[in-house]
Amino acid sequence: MNRIEFINTALVLLGLSRFQSNKNMNNDPNLLIGKGNPKLVGKNYALLPEAYEAFREMSAAAQKQGIKIKIVSSYRSFERQKSIWNSKFSKFKSQGMTNEKAIAKIIEYSTLPGTSRHHWGTEIDIIDAGPPAEGDVLVSQKFHDQGPYDALRAWMETYANDYGFFLPYTQDKKRTGFKYEPWHYSFATLSKPMLKDYLELDHVKLILSDDLKGSDLLGYEFLKNYIRSHVMGINPSLL
Ligand SMILES: [Zn+2]
């Protein structure tokens, strides 16, 4: 055993994994890809405590103006995201799509396990619980043109930033990646440093697995481009 190997072994024995010895990285890689065990709080949803407090404050302020913010999706694990991916892949394949087409269709709105911002406990998908919910709720038209969530969108566009929440997937024509999602907000105080650490990870090693459908098309090049277009294709306020 040479000197470096000896030091590495000693660090492992001391329980210091690579990320802990890297001074620039504050977040456990497992937490960033949805495989950790984060301490989450909330009823009917799950967020990191600081995001939860900020959400409660924002929600109370909205309520005073007649907007009842309801979270329909928050934390999501790697396994959950994988089952969403695999079931969408099977569905699109059964509609006669090629593997390439199925993947292109999935990544309009959904993402690969290990690449979702929902893994972080900082993200929320919201609707207004006031109007009756009919069919699919996360549809952008419903957030515009006098749709049931038009008032919620307008309120969030005015006030959300004051509480630290920002829209990652804006209508900005120059943005790449996922389509416009007026329902998805991110708690920037936590998600910005998490993204910074996330971009340092070895994505190929952490994301790809044999039981991921379409994984034969999802090699190094695909992932490299995907991280650039989709993970980084967000509102500049969150970069
Ligand atoms: Zn979302």
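**Exercise 1.** Which residue of strand 2 does Ser73 stand opposite?

*Solution.* Start with the ground rules. Residues are numbered from 1 along each chain as its sequence is written. The model is predicted, with local features needing pLDDT of at least 70, side-chain atom pairs counting only at pLDDT 80 or more, and totals for chains, interfaces and linings using all residues. Helices (H or I, at least four residues) and strands (E, at least two) are DSSP runs, numbered from the N terminus. Now look across from Ser73: you find Asp125 in strand 2.

**Exercise 2.** Work out how the strands of the sheet are arranged.

*Solution.* Two strands pair if DSSP finds at least two bridges between them. Strand 1 and strand 2 (residues 123-128) share four bridges, in the antiparallel sense. Next, take the whole open sheet: its four strands run in the order 1-2-4-3, with antiparallel pairing. Strand 1 (69-73) and strand 3 (165-166) are the edges, each pairing on one side only.

**Exercise 3.** Describe how helix 5 and helix 6 cross, and what makes the contact.

*Solution.* Begin with the axes (lines fitted to C-alpha atoms, for helices over the stretch in contact, with angles from 0 to 180 degrees between N-to-C directions). Those of helix 5 (residues 78-94) and helix 6 (residues 99-106) come within 9 Å and cross at roughly 130°. So the two helices are oblique to each other (under 35 degrees is roughly parallel, over 145 roughly antiparallel, 65 to 115 roughly perpendicular, and the rest oblique). Finally, find the contact residues (C-beta atoms, placed from the backbone, within 7 Å): Trp85, Lys88, Phe89, Phe92 and Lys93 of helix 5 meet Ala102, Lys105 and Ile106 of helix 6.

Definitions and conventions. Two residues are in contact if their C-beta atoms, placed from the backbone, lie within 7 Å.
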